[in-house]
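The sequence and the model are shown first, and the description follows.

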Amino acid sequence: MKYYYYWLAVVVFVIDYFTKQWVEKSLTIGETKHVLGDFFILTSIRNKGAAFGILQEQRYLFILITLVVVGGIVWYMMKNRNSGKALLLGGLGLVLGGALGNFLERALYGEVVDFLQFTFGSYVFPIFNIADTGICVGVGMILLDAILTSKRENGDSKSNGQEEPNGQGHQFIQ
């Protein structure tokens, strides 16, 4: 599928948009619905900051940063479109979709709908949305691609066909 990474961006954007619309229509601000006991809860909040609520009330700064980031992502995706780096391009597509999902709400309303809440014992993870998920998973994929690329480029003997000086390659004790 040609330009699959743009389709990933569209999928993240559409799922994010419709889940936020559903939350706005189904839950009042502050309302919660337990999905999996106390572990997974839908909690309707509005976030005027960045991911996980940092830097509140910086709407125009986030709009400007998002425009620059989106432009950079699109440029980098076009530059690398024939590289065969599926992990990198897929990650960029997820980040692009998430960035556009949060950008739309921030630009129109000055805030973003967050609703996914997870609790681990006494720790409550900051509430987030599908766009945030796309961004985080995408960044993870980009970092994984960077690590794997670095290993290949820095002479991992398994990936470049070279053996150790003693001719035996790497030995692992099992």
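From the N terminus on, the elements of the chain run α-β-β-α-α-β-β-α-α, which comes to five helices and four strands. Helices (H or I, at least four residues) and strands (E, at least two) are DSSP runs, numbered from the N terminus. The model is predicted: local features need pLDDT of at least 70 and side-chain atom pairs count only at pLDDT 80 or more, while totals for chains, interfaces and linings use all residues. Residues are numbered from 1 along each chain as its sequence is written, and side-chain values use heavy atoms, with hydrogens and water left out.

**The chain as a whole**

Of the 174 residues, 33% count as buried; buried means under 20% relative accessible area, exposed over 50%, and partly exposed in between (1.4 Å probe, protein chains only). The accessible surface of the chain comes to about 10700 Å², and carbon and sulfur atoms hold 65% of that surface. Accessible areas come from the Shrake-Rupley method with a 1.4 Å probe; for residues, only the protein chains shown count as cover. Among the contacts in the chain with a separation of 6 or more, 61% are made by residues 24 or more positions apart, where contact means heavy atoms within 4.5 Å.

**The sheet**

The four strands form an open sheet in the order β1-β2-β3-β4, with antiparallel pairing. Two strands pair if DSSP finds at least two bridges between them. The table lists the pairs with one example of facing residues for each.

| Strand pair | Bridges | Example of partners |
|---|---|---|
| β1 and β2 | four | K33 and L42 |
| β2 and β3 | six | N47 and V112 |

Strands β1 and β2 form a hairpin with three residues between them, and G37 in the turn has a positive phi of about 55°. Strand β2 (residues 40–47) has six of its eight residues buried, so it is largely enclosed by the rest of the structure.

**The annotated site**

The UniProt annotation "active site", from an unreviewed entry, covers D114 and D132. These two positions span 19 residues in sequence, yet no two of their C-alpha atoms are more than 9.0 Å apart, so they gather at one spot. UniProt positions are given in the numbering used here, feature names are shortened, and annotations may be inferred rather than shown by experiment.

D114 lies in strand β3 (residues 112–120) and is buried, with a relative accessible area of 1%. Beyond its neighbours within four places in sequence, D114 is in contact with residues including T43, N47, F128 and D132. D132 belongs to helix α4 (residues 130–153) and is also buried, at a relative accessible area of 4%. The side chain of D132 makes a polar contact (a pair of N or O atoms within 3.5 Å; within protein, one must be able to donate a hydrogen and the other to accept it, and residues adjacent in sequence count only if both atoms are side-chain atoms) with the side chain of N102, at 2.9 Å.

**The nonpolar cores**

A nonpolar core is a set of buried Ala, Val, Leu, Ile, Met, Phe, Trp, Tyr and Cys residues joined through side-chain atoms within 4.5 Å. The largest has eleven residues, among them Y5, V70, M77 and L96. Helices α1 (4–26), α2 (59–79) and α3 (86–109) each give two or more residues to this core, and α3 provides the largest share, six residues. A second, separate core of eight residues includes L27, L42, F115 and F128.
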